[in-house]
Amino acid sequence: MIDFNEKKGFIIDMDGVMYHGNRVLEGAVDFINWLQEKDKKYLFLTNSSEKTPQELRQKLLRMGLDVPSEHFYTSALATARFLAAQKEECSAYVIGEAGLLNALYDQGITMNDVNPDYVVVGEGKSYSFETLTKAVNLVKKGARLIGANTDISGPIENGIAPACGALVAPIEVATGKKAYFCGKPNPLMMRTGLSILGCHAGEAVVVGDRMDTDIVAGTESGADTVLVLSGVTDMETVRKYAYQPTVIFDGVGDIVKAAEGK
(Lines give C-alpha, C1' and ligand atoms only; values in the text may rest on other atoms or scores of the structure.)
Protein backbone atom coordinates (compact mmCIF):
# COMPACT_ATOMS: atom_id res chain seq x y z
CA MET A 1 0.00 0.00 0.00
CA ILE A 2 1.08 3.59 -0.66
CA ASP A 3 0.97 6.27 2.04
CA PHE A 4 -0.77 8.88 -0.09
CA ASN A 5 -0.63 11.48 2.66
CA GLU A 6 3.17 11.39 2.59
CA LYS A 7 3.46 11.76 -1.18
CA LYS A 8 4.21 15.26 -2.46
CA GLY A 9 3.26 14.95 -6.14
CA PHE A 10 0.70 13.18 -8.29
CA ILE A 11 1.07 12.59 -12.04
CA ILE A 12 -2.36 11.67 -13.37
CA ASP A 13 -3.71 10.45 -16.69
CA MET A 14 -7.07 11.83 -17.87
CA ASP A 15 -8.98 9.61 -20.33
CA GLY A 16 -10.30 6.58 -18.47
CA VAL A 17 -9.15 8.04 -15.15
CA MET A 18 -11.07 11.30 -14.75
CA TYR A 19 -13.62 10.90 -17.53
CA HIS A 20 -14.90 8.91 -20.49
CA GLY A 21 -15.65 11.26 -23.38
CA ASN A 22 -17.79 13.97 -21.76
CA ARG A 23 -18.82 11.93 -18.71
CA VAL A 24 -16.97 12.48 -15.45
CA LEU A 25 -16.07 9.26 -13.65
CA GLU A 26 -17.19 8.41 -10.14
CA GLY A 27 -14.76 9.66 -7.51
CA ALA A 28 -13.05 12.19 -9.79
CA VAL A 29 -14.53 15.24 -8.05
CA ASP A 30 -13.59 13.88 -4.61
CA PHE A 31 -10.05 13.19 -5.82
CA ILE A 32 -9.53 16.74 -7.16
CA ASN A 33 -10.98 18.22 -3.98
CA TRP A 34 -8.62 16.09 -1.87
CA LEU A 35 -5.55 17.10 -3.91
CA GLN A 36 -6.43 20.77 -3.56
CA GLU A 37 -7.43 20.62 0.11
CA LYS A 38 -4.20 18.80 1.03
CA ASP A 39 -2.16 21.22 -1.11
CA LYS A 40 -0.66 18.39 -3.13
CA LYS A 41 1.36 19.11 -6.26
CA TYR A 42 -0.40 17.51 -9.21
CA LEU A 43 -0.11 17.38 -12.98
CA PHE A 44 -2.40 15.84 -15.56
CA LEU A 45 0.05 14.15 -17.93
CA THR A 46 -2.01 13.08 -20.91
CA ASN A 47 -1.12 11.35 -24.15
CA SER A 48 -3.99 13.14 -25.87
CA SER A 49 -2.60 15.67 -28.35
CA GLU A 50 -5.86 17.21 -29.57
CA LYS A 51 -6.53 19.87 -26.94
CA THR A 52 -4.48 22.71 -25.48
CA PRO A 53 -4.12 23.00 -21.69
CA GLN A 54 -6.69 25.79 -21.79
CA GLU A 55 -9.16 23.57 -23.67
CA LEU A 56 -8.57 20.73 -21.20
CA ARG A 57 -9.30 23.14 -18.36
CA GLN A 58 -12.57 24.13 -20.03
CA LYS A 59 -13.48 20.47 -20.60
CA LEU A 60 -13.07 19.68 -16.90
CA LEU A 61 -14.91 22.85 -15.91
CA ARG A 62 -17.94 21.68 -17.90
CA MET A 63 -17.85 18.52 -15.80
CA GLY A 64 -17.66 20.45 -12.54
CA LEU A 65 -13.88 20.11 -12.03
CA ASP A 66 -11.99 23.38 -11.54
CA VAL A 67 -8.32 22.81 -12.49
CA PRO A 68 -6.02 25.69 -13.57
CA SER A 69 -4.39 25.27 -17.00
CA GLU A 70 -0.87 25.05 -15.57
CA HIS A 71 -1.77 21.62 -14.19
CA PHE A 72 -1.86 20.06 -17.68
CA TYR A 73 0.98 18.70 -19.79
CA THR A 74 0.17 16.92 -23.06
CA SER A 75 1.95 14.72 -25.58
CA ALA A 76 1.60 17.64 -28.01
CA LEU A 77 3.71 19.83 -25.72
CA ALA A 78 6.23 17.01 -25.29
CA THR A 79 6.43 16.53 -29.06
CA ALA A 80 6.98 20.22 -29.74
CA ARG A 81 9.63 20.43 -27.05
CA PHE A 82 11.47 17.41 -28.46
CA LEU A 83 11.49 18.72 -32.04
CA ALA A 84 12.68 22.17 -31.01
CA ALA A 85 15.55 20.57 -29.07
CA GLN A 86 16.47 18.34 -32.01
CA LYS A 87 16.62 20.97 -34.76
CA GLU A 88 16.32 24.75 -34.63
CA GLU A 89 13.89 26.41 -37.04
CA CYS A 90 12.61 23.06 -38.26
CA SER A 91 9.42 22.49 -40.23
CA ALA A 92 6.73 19.82 -40.15
CA TYR A 93 3.78 18.39 -42.01
CA VAL A 94 1.20 17.81 -39.29
CA ILE A 95 -1.84 15.59 -39.03
CA GLY A 96 -3.55 16.69 -35.85
CA GLU A 97 -5.74 19.19 -34.06
CA ALA A 98 -5.33 22.57 -32.35
CA GLY A 99 -3.46 21.23 -29.32
CA LEU A 100 -0.67 19.83 -31.48
CA LEU A 101 -0.55 22.70 -33.96
CA ASN A 102 -0.46 25.37 -31.23
CA ALA A 103 2.28 23.56 -29.33
CA LEU A 104 4.44 23.37 -32.46
CA TYR A 105 3.82 27.03 -33.35
CA ASP A 106 4.75 28.09 -29.81
CA GLN A 107 8.13 26.36 -30.22
CA GLY A 108 8.80 28.16 -33.50
CA ILE A 109 8.16 25.14 -35.72
CA THR A 110 6.71 26.09 -39.10
CA MET A 111 4.19 24.16 -41.22
CA ASN A 112 5.51 22.71 -44.49
CA ASP A 113 3.79 20.28 -46.85
CA VAL A 114 6.51 20.31 -49.54
CA ASN A 115 9.83 19.34 -47.96
CA PRO A 116 9.40 19.23 -44.16
CA ASP A 117 11.99 18.00 -41.71
CA TYR A 118 9.31 15.98 -39.92
CA VAL A 119 5.94 14.38 -40.45
CA VAL A 120 4.10 14.66 -37.14
CA VAL A 121 0.97 12.63 -36.39
CA GLY A 122 -1.48 13.07 -33.53
CA GLU A 123 -5.15 12.25 -33.07
CA GLY A 124 -7.88 14.19 -34.79
CA LYS A 125 -10.56 14.54 -37.41
CA SER A 126 -8.10 15.85 -40.02
CA TYR A 127 -6.83 12.30 -40.57
CA SER A 128 -7.97 11.05 -43.97
CA PHE A 129 -6.80 8.99 -46.93
CA GLU A 130 -5.54 12.22 -48.50
CA THR A 131 -3.46 13.27 -45.50
CA LEU A 132 -2.24 9.69 -45.03
CA THR A 133 -1.05 9.54 -48.65
CA LYS A 134 0.68 12.91 -48.29
CA ALA A 135 2.44 11.79 -45.13
CA VAL A 136 3.60 8.52 -46.71
CA ASN A 137 5.18 10.28 -49.66
CA LEU A 138 6.88 12.94 -47.55
CA VAL A 139 8.42 10.26 -45.33
CA LYS A 140 9.53 8.37 -48.44
CA LYS A 141 11.29 11.58 -49.55
CA GLY A 142 13.20 11.83 -46.27
CA ALA A 143 11.01 13.49 -43.64
CA ARG A 144 11.39 11.87 -40.22
CA LEU A 145 8.23 10.31 -38.79
CA ILE A 146 7.09 11.45 -35.34
CA GLY A 147 4.08 10.23 -33.38
CA ALA A 148 2.63 12.18 -30.47
CA ASN A 149 2.01 8.96 -28.53
CA THR A 150 1.90 5.17 -28.83
CA ASP A 151 -1.70 4.68 -27.69
CA ILE A 152 -3.53 2.31 -30.03
CA SER A 153 -6.98 3.18 -28.71
CA GLY A 154 -8.67 5.31 -26.10
CA PRO A 155 -11.93 5.05 -24.15
CA ILE A 156 -14.98 7.01 -25.26
CA GLU A 157 -18.52 7.04 -23.90
CA ASN A 158 -19.72 4.15 -26.06
CA GLY A 159 -16.56 2.08 -26.51
CA ILE A 160 -13.11 2.90 -27.85
CA ALA A 161 -11.67 5.09 -30.61
CA PRO A 162 -8.43 4.54 -32.56
CA ALA A 163 -5.61 6.66 -31.17
CA CYS A 164 -2.27 7.92 -32.44
CA GLY A 165 -0.41 4.59 -32.52
CA ALA A 166 -3.08 3.10 -34.77
CA LEU A 167 -3.05 6.16 -37.05
CA VAL A 168 0.74 6.10 -37.45
CA ALA A 169 0.85 2.36 -38.21
CA PRO A 170 -0.24 2.61 -41.89
CA ILE A 171 2.52 5.17 -42.55
CA GLU A 172 5.10 2.86 -40.96
CA VAL A 173 3.89 -0.11 -43.01
CA ALA A 174 3.77 1.83 -46.30
CA THR A 175 7.22 3.42 -45.87
CA GLY A 176 9.13 0.81 -43.88
CA LYS A 177 10.13 3.59 -41.46
CA LYS A 178 9.51 3.45 -37.72
CA ALA A 179 8.08 6.47 -35.92
CA TYR A 180 9.60 8.05 -32.81
CA PHE A 181 6.91 8.61 -30.19
CA CYS A 182 7.19 11.52 -27.73
CA GLY A 183 4.36 10.76 -25.29
CA LYS A 184 4.20 8.24 -22.46
CA PRO A 185 6.00 5.95 -21.84
CA ASN A 186 8.86 8.03 -23.30
CA PRO A 187 11.03 8.84 -20.24
CA LEU A 188 11.54 12.39 -21.52
CA MET A 189 7.87 13.14 -20.88
CA MET A 190 7.93 11.62 -17.41
CA ARG A 191 11.09 13.53 -16.46
CA THR A 192 9.49 16.75 -17.65
CA GLY A 193 6.42 16.02 -15.54
CA LEU A 194 8.50 15.45 -12.42
CA SER A 195 10.47 18.62 -13.14
CA ILE A 196 7.27 20.67 -13.46
CA LEU A 197 6.10 19.31 -10.10
CA GLY A 198 9.50 19.84 -8.50
CA CYS A 199 9.44 16.28 -7.15
CA HIS A 200 11.78 13.33 -7.14
CA ALA A 201 10.31 10.06 -8.41
CA GLY A 202 10.24 8.63 -4.89
CA GLU A 203 8.03 11.51 -3.75
CA ALA A 204 5.51 11.01 -6.56
CA VAL A 205 2.65 8.72 -7.54
CA VAL A 206 1.68 7.95 -11.12
CA VAL A 207 -2.05 7.31 -11.61
CA GLY A 208 -3.35 5.83 -14.85
CA ASP A 209 -5.53 3.26 -16.57
CA ARG A 210 -2.98 1.78 -18.98
CA MET A 211 -0.25 -0.73 -18.23
CA ASP A 212 1.71 0.01 -21.41
CA THR A 213 1.96 3.79 -20.92
CA ASP A 214 1.10 5.05 -17.43
CA ILE A 215 2.25 2.14 -15.28
CA VAL A 216 5.40 1.27 -17.21
CA ALA A 217 6.39 4.96 -17.30
CA GLY A 218 5.95 5.29 -13.54
CA THR A 219 7.71 2.00 -12.83
CA GLU A 220 10.73 2.85 -14.98
CA SER A 221 11.02 6.30 -13.41
CA GLY A 222 11.06 4.81 -9.90
CA ALA A 223 7.68 6.19 -8.78
CA ASP A 224 4.87 4.31 -7.06
CA THR A 225 2.00 3.54 -9.42
CA VAL A 226 -1.77 3.27 -9.13
CA LEU A 227 -3.69 1.44 -11.84
CA VAL A 228 -7.39 2.28 -11.98
CA LEU A 229 -9.78 -0.15 -13.64
CA SER A 230 -12.11 2.63 -14.83
CA GLY A 231 -10.48 2.82 -18.26
CA VAL A 232 -9.23 0.27 -20.81
CA THR A 233 -7.50 -2.25 -18.50
CA ASP A 234 -9.03 -5.17 -16.60
CA MET A 235 -7.44 -7.68 -14.21
CA GLU A 236 -6.95 -10.29 -16.93
CA THR A 237 -4.87 -7.79 -18.90
CA VAL A 238 -2.81 -6.84 -15.85
CA ARG A 239 -1.67 -10.45 -15.38
CA LYS A 240 -0.06 -10.49 -18.83
CA TYR A 241 2.65 -8.01 -17.82
CA ALA A 242 5.92 -8.84 -16.05
CA TYR A 243 5.81 -5.50 -14.21
CA GLN A 244 2.89 -4.74 -11.90
CA PRO A 245 1.39 -1.57 -10.41
CA THR A 246 2.02 -0.81 -6.75
CA VAL A 247 -1.74 -0.62 -6.14
CA ILE A 248 -4.84 -1.46 -8.17
CA PHE A 249 -8.08 0.47 -7.51
CA ASP A 250 -11.48 0.58 -9.17
CA GLY A 251 -11.18 4.35 -9.58
CA VAL A 252 -9.45 7.48 -8.31
CA GLY A 253 -12.00 7.91 -5.54
CA ASP A 254 -10.35 4.94 -3.83
CA ILE A 255 -7.17 7.00 -3.42
CA VAL A 256 -9.08 9.43 -1.21
CA LYS A 257 -10.61 6.55 0.77
CA ALA A 258 -7.17 4.98 1.29
CA ALA A 259 -5.68 8.31 2.38
CA GLU A 260 -8.51 8.81 4.88
CA GLY A 261 -8.26 5.23 6.16
CA LYS A 262 -11.70 4.20 4.90
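Start with Phe-4, Ile-12, Met-18, Phe-31, Phe-44 and Val-226: in this predicted model, they touch the most other members of the largest nonpolar core, which has 31 residues. Now colour the elements that each supply at least two residues of this core: β1 (9–12), α1 (28–37), β4 (41–46), α2 (53–62), β13 (204–208), β14 (224–228), β15 (247–249) and α10 (253–259). The top contributor is α1, with five residues.

Zoom in on Ile-12. Leaving out residues up to four places away in sequence, Ile-12 touches Val-17, Met-18, Phe-31, Leu-35, Tyr-42, Leu-43, Phe-44, Leu-45 and Val-207. Then hop over to a second, separate core of 18 residues, where you can pick out Ile-95, Val-121, Leu-138 and Val-168, among others.

Next stop: α2. Select Pro-53, Leu-56, Lys-59 and Leu-60, which are buried. Look down the axis of α2 and you'll see why they line one face of the helix: these buried residues fall within an arc of 115 degrees. Their cover includes β2 (19–20), β4, β5 and α3. After α2 comes Gly-64, with a positive phi near 90 degrees.

Last, select α7 (residues 187–197). Which of its residues are buried? They are Met-189, Met-190, Thr-192, Gly-193, Leu-194 and Leu-197. Among what covers them are β1, β4, β5 (72–74), α3 (75–86), β13 and α8 (211–221). Following α7 is Gly-198, whose phi is positive, near 75 degrees.

Terms used. Residues numbered from 1 in each chain as written. Predicted model: local features only at pLDDT ≥ 70, side-chain atom pairs only at ≥ 80, totals over all residues. Heavy atoms only, no water. Core = buried A, V, L, I, M, F, W, Y, C linked by side-chain atoms within 4.5 Å. Buried < 20%, exposed > 50% of the residue type's maximum accessible area, 1.4 Å probe, protein only. Helix = DSSP H or I, 4+ residues; strand = E, 2+ residues; numbered from the N terminus. Contact = heavy atoms within 4.5 Å. Arc of directions from axis to C-beta.
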